[in-house]
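Please open the structure in your viewer and keep the selection tool at hand. The tour below moves from one selection to the next and says what is there.

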Amino acid sequence: MVYLQDTAMETWSVDQVCSWLVEKNLGELVHRFQEEEVSGAALLALNDRMVQQLVKKIGHQAVLMDLIKKYKQKSQELKSPGETAPVTQAERNVRHILARNKALQWTKSYVLPEFPYDVKCMLAEQKCPDHSMRIRIIEFLQADMTKYLEGSLYPSTQQYNDVVNALLQAHPFLDEDGCGFFLWKRALKDRFKYVRRPIEDDEQVMRNKYKFGHRRGQTRKSLADIRFEIKTVQIKEEAVCLDPEVDEHINWFQQEYVKTEKDWREIDKRMSQTLEIRRKLIGGRTPLKDILKMFPFLQCPYQLFREFQLLTRTDICKKTRHILESYSENILTSLSLVDNPIYIALQEKMKQHTDEDMLKHMKMTATCLLLPDVFGEDSSLFVIVNDKVQVSTPVLEVKNPFNMDICEFSLYLEKERLTKVDDCITALAALIASFHVFGIECPRRLSQTLNFLETLIFDVPSPYSPSMKEKEKEVGFQHPVT
């Protein structure tokens, strides 16, 4: 091999790495390696997780890791034909200092990456990014930070802070409502968590476990064995302590919640100020009852919708109204629902009214109740009509849906009523918002229904199965033009 004989892999350029891939019958990876600018040094720094992100095919992953491993072994043999000279404590200290200084200095010279053309246009026009654009920005920041960190997927808190500060200093309009820093930082940290999916035997993962108290052979405690305290909550890799200022906010929320006349302006302000700690608590799987005890206003539909808007920059009520108004006629006329009890009840009630607004409201209510049936999914995970709630995930309870005088809509979570709402639009919006706000995974038997709704809410296409595409055609769904 010409490259191993003439030059060390550590010194290879991106082009040399690509030529080596072609030589090893891995030419399919060249384009991806060029995009990520993988040099020889970066190639040797790849670990299992990074290879999984970089290379799609499992066979190619295995071949690439084997080649890197063999090269490292051969290089070690060439450098150390006999016994390896022991590393002195002084050398270890020098290496530690150099590594530490490098980690401290990288952010001082950090500059934002070159964003794609459409992102640059949006930033130049100072437009508020939608959900999909925010995701693209976060992905580019995460990839760029990983390059600066030479492949590490564990940035420090200061490094997160510096990158988000660089973003907001360059584009101040992204700091909306004064809490943009916390939102972007939270999104960036979540992106890193997604990329570094837990691998138990990964060396870096184990080092971080040891750093935060885990010991080899120690088993993870069950939830039943853990006592969650309000003052301190353990969140995966870091302990989140509620400082006196946050504790003061929590006490204020609890006192204000029981008052007859509430100061909603101050509530909004304090909810924004405590957003980051609330997202950490929810992300750390703190029991919902504890979250609601600390932040009781999340039981109010208005605050639930406001929290959703802070997280996604989307007006969930406006989007939900548009969905029900646009698709109710298609759903009720294009599907064979003759034998459905809800459809039968709707037809009977419509015969008793002639007011157009009343009929429109009844149709939208029926659409809300029948939506899971459109996709052949379990409607009991979506809405319970005139019956007892039996599921723990977010679900709607509806009583007397077509009787305007005594109709009731409620959102249930963990089999307990979270809040009452006024109509089907608010009810559907609250259901969707609760999955996002409380970080609850969508039930598998309801995935197509919620995917359909979220596609319309966020105005971005998402992958669907062939059967789902057929259902979309039936209800007149059109993907947004991008």
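What follows is a walk through a helix contact, a pocket and a sheet.

Keep in mind that this is a predicted model, in which local features need pLDDT of at least 70 and side-chain atom pairs count only at pLDDT 80 or more, while totals for chains, interfaces and linings use all residues. Residues are numbered from 1 along each chain as its sequence is written, and side-chain values use heavy atoms, with hydrogens and water left out.

Select helix α9 (residues 131-148) and helix α11 (residues 180-195), which pack at an angle of about 65° with their axes 9 Å apart. Helices here are DSSP runs of H or I with at least four residues, and strands are runs of E with at least two, numbered from the N terminus; axes are lines fitted to C-alpha atoms, for helices over the stretch in contact, and angles run from 0 to 180 degrees between N-to-C directions.

Next, select H131, D190, R279, H436 and G439, which are the closest to the centre of the second largest pocket among its 33 lining residues. A pocket is an open set of points, on a 1 Å grid over the protein atoms alone, where a 1.4 Å probe fits, with protein on both sides within 12 Å along at least five of seven lines, and lining residues have an atom within 4 Å of a point. Helix α11 gives the most to this lining, with 8 residues, and α9, α15 (275-283) and α21 (424-437) are among the helices that each supply at least two.

Now turn to the open sheet, where 4 strands stand in the order β3-β4-β5-β6 with mixed pairing; two strands pair if DSSP finds at least two bridges between them. Because β3 (383-385) and β6 (416-421) at the edges each have a single partner strand, one side of each is left without a neighbour in the sheet.

Finally, select β5 (residues 408-413) together with β6: the two run antiparallel and are joined by 5 bridges. In β6, V421 is the bridge partner of F409, and E416 is that of L413. Between the strands of this hairpin lie 2 residues, and E414 takes a positive phi near 55°.
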